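Biologist: I would like to learn how to read a structure like this one, feature by feature. Could you show it to me and take me through it slowly?

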Amino acid sequence: MILPIVAFGDPVLRKIGENIGPDYPKLAELIANMWETMYHAHGVGLAAPQVGKAINLFIIDTEAFENEDYPNEKKVFINAEILEENGERWEYEEGCLSIPHIRENVSRHAKLRIRYQNETFETIEEAYDGIAARVIQHEYDHCKGKLFVDHISQLKRRLLKNKLIAISKGAARVDYKMRIPATR
Ligand code: NI
């Protein structure tokens with residue numbers, strides 16, 4: 001089932017996602033719905049807060065970037081913890097399904113080490129670099145209540161202010177379902 005994607009301005013995007021156990025209600029269904037929702041919206045990653053669940057869960061599929069340097073990574077990350085970020089910082093233009101039509105350069109470390117659980121709750125520790133590291137950092141941020149626009153300069157943020165307000169009021173035209181924060 002395709003789920004509505006929460007738009008910028010909804011408080012759930014600012015919550016820290018709680019760790020979960022295998023007994024989390026309808027977890028397999030939630031993950032299946034997140035895949036369907038992500039592909040429908042042509043995303044390369046999706047975090048649970050973006051579908052209204054403040055839990056530490058995200059998915060990535062970097063197939064769109066696949067080439068010799070960047071093999072495809074399609075994975076589910078549960079209870080992820082970034083253990084270390086290193087390597088030179090590099091800028092990459094990021095976007096977000098919760099913040100449509102806005103793209104900004106974000107500087108992040110090139111490499112990371114992460115510990116997480118997969119869908120069967122096996123604990124895995126891995127290192128990533130390249131585009132996969134970038135997507136993981138972006139989605140991991142979502143599970144910490146952080147958005148890519150938090151990484152840009154005050155000035156750029158100020159220039160985006162009206163656009164962000166418009167998104168929170170449902171003004172962004174997208175070809176996927178969005179959940180707009182309740183307006184008072
Ligand atoms: Ni995002």
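**Reading the model**

Modeller: Let us start at a turn: in the hairpin of E5 and E6, which has five residues between the strands, Phe-121 has a positive phi near 60°. Strands here are DSSP runs of E with at least two residues, helices are runs of H or I with at least four, and both are numbered from the N terminus. This is a predicted model, in which local features need pLDDT of at least 70 and side-chain atom pairs count only at pLDDT 80 or more, while totals for chains, interfaces and linings use all residues. Residues are numbered from 1 along each chain as its sequence is written, and side-chain values use heavy atoms, with hydrogens and water left out.

Biologist: Which residues of H1 are buried?

Modeller: Buried means under 20% relative accessible area, exposed over 50%, and partly exposed in between, using a 1.4 Å probe and protein chains only. An α-helix has 3.6 residues a turn, so residues three or four places apart point the same way. In helix H1 (residues 27-40), the buried residues are Leu-27, Leu-30, Ile-31, Asn-33, Met-34, Trp-35, Thr-37 and Met-38. After H1 comes His-42, whose phi is positive, near 60°.

Biologist: What does the largest nonpolar core contain?

Modeller: In soluble globular proteins, nonpolar side chains tend to be buried together. A nonpolar core is a set of buried Ala, Val, Leu, Ile, Met, Phe, Trp, Tyr and Cys residues joined through side-chain atoms within 4.5 Å. The largest one has 38 residues, and those with the most contacts inside it include Met-34 and Leu-46. H1 gives the most to this core, with six residues.

Biologist: Which protein donors does the nickel ion have?

Modeller: Donors are N, O and S atoms within 2.8 Å of the metal (3.2 Å for Na, K and Ca), and water is not among the atoms, so sites may look incomplete. Here the protein donors are Cys-96 (SG), His-138 (NE2) and His-142 (NE2), which lie 2.1 to 2.2 Å from the nickel ion. Because Cys-96 lies in strand E4 and His-142 in helix H2, the pair ties together parts that are 46 residues apart in sequence. Cys-96 is buried, with a relative accessible area of 9%, and His-142 is also buried, at 1%.

Note on methods: Expected span 1.5 Å × (residues − 1). Pairing = 2+ DSSP bridges.
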